[in-house]
Amino acid sequence: MTRADVCAVACAELFRGAGEILASPMGLLPTLGARLARCTFEPDLLVSDGEALLLGVGLSTVEGWLPYRKVFDVVAHGTRHVVMGANQLDRNGNQNISCIGPHARPDRQLLGFRGAPGNSVNHRTSYWVPRHARRVFVDRVDVVCGVGYDRPGAGRFHDVYRVVTNLAVLDFATPDRTMRLVSVHPGVTPEEVLTQTGFPLHIGEITTTRAPTPAELRVLAELDPGELRAREVPP
């Protein structure tokens with residue numbers, strides 16, 4: 001078992017109990033997590049091939065077609081859980097993928113807003129951060145792309161759920177809806193997470209992120225035979 005395996009399972013756990021919704025993972029580990037969930041404990045989860053085909057049992061057959069234009073119907077109905085990346089995240093769950101520095105004259109241009117505002121106000125949103133560091137977990141994001149809990153008028157469908165990193169799992173299940181440390185991965189201490197976070201975290205009963213089962217390890221080996229996950233989260 002590697003740290004990457006634990007991260008894949010933590011990403012899979014984002015979808016536990018989701019039922020028949022569309023999983024929209026962005027990036028390798030979130031994709032492995034969504035497909036692992038589909039192959040094990042969440043068989044009704046809808047996962048795609050990354051383009052327009054919905055994958056069936058064992059991810060080896062096709063059970064539907066979902067072209068890009070139809071994704072917007074799913075977004076509007078809220079039957080979707082997206083896992084996005086983040087160049088910056090703050091304690092209120094605001095995400096930045098647009099630029100570093102002032103928006104009018106940034107020091108570094110990034111992806112742009114993309115679909116982050118619409119995703120975060122229409123359905124459940126989580127984040128994957130492969131390198132937990134203070135430059136990512138900042139006191140205040142330079143630009144708000146994904147909408148956090150301190151933004152007025154986010155609406156009743158706004159649901160920033162969890163953040164999975166290479167060190168820990170975090171959520172916003174606190175009275176003031178600011179970030180809380182839920183679990184640390186095996187071999188990681190809470191102090192390491194706090195040191196690499198640029199703002200205070202809520203600290204309660206911290207658990208250890210669960211390890212993959214032997215069956216889940218076999219599925220991961222089938223989903224990622226080249227072990228690309230180990231490049232994203234080195235041992």
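The views below show a predicted model.

View 1. The chain holds seven helices and 13 strands. Its C-alpha atoms fill a box of roughly 45 × 45 × 35 Å along the principal axes. A compact globule of 235 residues would have a radius of gyration near 18 Å, and the chain, with 17 Å, agrees with this. Buried residues make up 49% of the 235 residues. Look also at the contacts with a separation of 6 or more: 64% of them join residues 24 or more positions apart.

**View 2. The charged side chains.** The chain carries 25 positive side chains and 25 negative ones. The centres of these two sets lie 4 Å apart.

**View 3. Helix 1, residues 3–13.** Here 10 of the 11 residues are buried, so helix 1 is largely enclosed by the rest of the structure. Among the buried residues are Ala4, Asp5, Val6 and Cys7. Cys11, Ala12 and Glu13 are also buried. What covers them?

**View 4. Ser120 in helix 4.** Helix 4 spans residues 116–122, and Ser120 is part of it. Is Ser120 buried or exposed? Ser120 has a relative accessible area of 0%, so it counts as buried; the cut-off for buried is under 20%. The Ser120 side chain reaches back to the backbone oxygen of Ala116, at 2.8 Å. In an α-helix there are 3.6 residues a turn, so residues three or four places apart point the same way. Beyond its neighbours within four places in sequence, Ser120 is in contact with Thr125, Cys145, Gly146, Val147, His158 and Asp159.

**View 5. Ala86 in a loop.** Ala86 sits between strand 4 (80–84) and strand 5 (88–89). Ala86 is buried too, because its relative accessible area is 16%. Which residues does Ala86 contact, leaving aside its neighbours within four places in sequence? They are Gln95, Asn96, Ile97, Tyr127, Trp128 and Val136. Now find Cys145, which is 59 residues from Ala86 along the chain. The C-alpha atoms of Ala86 and Cys145 are separated by 9.5 Å.

Terms used
Residues are numbered from 1 along each chain as its sequence is written. This is a predicted model: local features need pLDDT of at least 70, side-chain atom pairs count only at pLDDT 80 or more; totals for chains, interfaces and linings use all residues. Side-chain values use heavy atoms; hydrogens and water are left out. Helices (H or I, at least four residues) and strands (E, at least two) are DSSP runs, numbered from the N terminus. The radius of gyration is taken over C-alpha atoms; the globule rule is 2.2 Å times the number of residues to the power 0.38. Buried means under 20% relative accessible area, exposed over 50%, partly exposed in between (1.4 Å probe, protein chains only). Contact means heavy atoms within 4.5 Å. Lys and Arg count as positive and Asp and Glu as negative; His and the chain ends are not counted. The place of a charge is taken as NZ of Lys, CZ of Arg, CG of Asp or CD of Glu. A polar contact is a pair of N or O atoms within 3.5 Å; within protein, one must be able to donate a hydrogen and the other to accept it, and residues adjacent in sequence count only if both atoms are side-chain atoms.
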